[in-house]
Every structure is written in C-alpha cells, then in structure tokens.
Amino acid sequence: LVQRVGDAWHTGEMTASHEHFAFSLLKTFLANLARTNITHPGAPHIVIATPRAQHHEMGAYLANTAAANCGWRVTFLGPDLPAAEIAIAARQCGARAVALSLVYPITDASLTGELTQLKNALPPECALVIGGRAAGAHATLINQIGATLIEDLTVFCTWLSR
C-alpha cells in the first residue's frame, strides 16, 4: 500500500494532499499498532530514524511497528536527522541497534558522509541496519561501513529475531 500510494503521487495519479492524507492515516494506524505490544524491560533497544535529507518516514514507521511487534523497545526519532543526533540518542538509551530508512531521493551526495559518521559514532556493540526503497542504491557504501542492508520487512523481522 505504501509503495502504491507513493507511486500514485509520483505519476500524478494522486495529489500531494492525497498522499499526505493517506500516510497520515497509515502513521496513526501503525503507531497505535506498535503501542499495543508489551515489551519486557530487559528487551533489546533499537533507535529508528531517517538520516539528514531523508524526509520520507513511512518506511521508518513500518520498521517501528515491526520492531515493537518483535519485542524490541523502540525509540522512534522520525525523519531528517543528522548522524550526530542519531548517535547521541543511541548512546543515551543503550541501543543495541540503529535502523535507518532511505526512501527518496535515491541519490544524495551527503549520504556517504552521514552514514560513515553515524557508523563511526556508534558503540561497536550497536549494529547499524539500513533499509528502504533507496537502500539498495547504496549497497556498496552500506557494506563498506560495516552496516547491514535490509531488503524488506521480512528480512528486517528475521534480523530482529536473531
């Protein structure tokens, strides 16, 4: 559904206001769904966000709900955050992982520096996982910095279960 709405906006079949309305409803639904999960106080903690210049947060919302459903404690930071801010949040909550969603734009010159800075600022025991529609375009970079590329939500749930 998320992909179809995004495609409909991109092709002009749907206006921006229609897209925003649909995503607003979906965000509310996903946030409510995530809140229904009861997590154990000792459960692993994950920080979820989109990096600087990534304004589309729907993938991050999906990851938030998936992680909560898998029993993780989630700190959802939202879109368009600098690497340093994400790293600070991960350190402050003792996160075992940071998950980023990359959707649009597919190519972004600042992303190399942001992802490298984030990986370097995270404690060694904190994994960095990156998914979303644009993540595959950055597979080489993701591998070079020692992060994990997540192809879809099924793979993400499998990764979380490990």
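**Reading the helices and the fold**

Tutor: Let us begin with helix α1, residues 2-11, in this predicted model. Its buried residues are V5, G6 and A8. Viewed down the axis of α1, these buried residues fall within an arc of 160°, so they line one face of the helix.

Student: Which exposed residues does the face of α1 turned away from its buried side carry?

Tutor: That face carries R4, H10 and T11. Just after α1 comes G12, with a positive phi of about 90°.

Student: Which residues are buried in helix α4?

Tutor: Buried here means under 20% relative accessible area. In α4, which covers residues 83-93, the residues A83, I86, A87, A89 and A90 are buried. Down the axis of α4, the buried residues lie within an arc of 160°, and therefore they line one face of the helix.

Student: What covers the buried residues of α4?

Tutor: The cover includes the strands β1 (45-51), β2 (73-81) and β3 (97-101), together with helix α5 (111-121). After α4 comes G94, whose phi is positive, near 65°.

Student: How should I read the packing of two helices, and at what angle do α3 and α7 pack?

Tutor: One considers the angle, the distance between the axes, the handedness and the residues in contact. Helix α3 (residues 58-69) and helix α7 (residues 153-161) pack at an angle of about 40°, and their axes are 10 Å apart. The crossing of α3 and α7 is right-handed. On the side of α3, the contact is made by L62, A63, A66 and A67, and on the side of α7 by L153, F156, C157 and L160. By class, this contact has 8 nonpolar residues, with no polar and no charged ones.

Student: How many helices and strands does the protein chain have, and in what order do the elements run?

Tutor: The chain has 7 helices and 5 strands. From the N terminus on, the order is α-α-β-α-β-α-β-α-β-α-β-α.

Student: Why does the radius of gyration of the chain agree with that of a compact globule?

Tutor: A compact globule of 162 residues would have a radius of gyration near 15 Å, and the chain has 15 Å, so the two agree. The C-alpha trace spans about 45 × 40 × 25 Å along its principal axes.

Student: What share of the residues is buried, and what share of the contacts joins residues 24 or more positions apart?

Tutor: Of the 162 residues, 41% count as buried. Among contacts with a separation of 6 or more, 74% are between residues 24 or more positions apart.

How values were computed: Residues are numbered from 1 along each chain as its sequence is written. This is a predicted model: local features need pLDDT of at least 70, side-chain atom pairs count only at pLDDT 80 or more; totals for chains, interfaces and linings use all residues. Side-chain values use heavy atoms; hydrogens and water are left out. Buried means under 20% relative accessible area, exposed over 50%, partly exposed in between (1.4 Å probe, protein chains only). Helices (H or I, at least four residues) and strands (E, at least two) are DSSP runs, numbered from the N terminus. The arc is that of the directions from the helix axis to the C-beta atoms. Contact means heavy atoms within 4.5 Å. Axes are lines fitted to C-alpha atoms, for helices over the stretch in contact, and angles run from 0 to 180 degrees between N-to-C directions. A crossing is left-handed if the near helix is turned anticlockwise from the far one by less than a right angle, and right-handed if clockwise. Ala, Val, Leu, Ile, Met, Phe, Trp, Tyr, Cys and Pro count as nonpolar, Asp, Glu, Lys and Arg as charged, and the others, Gly among them, as polar. The radius of gyration is taken over C-alpha atoms; the globule rule is 2.2 Å times the number of residues to the power 0.38.
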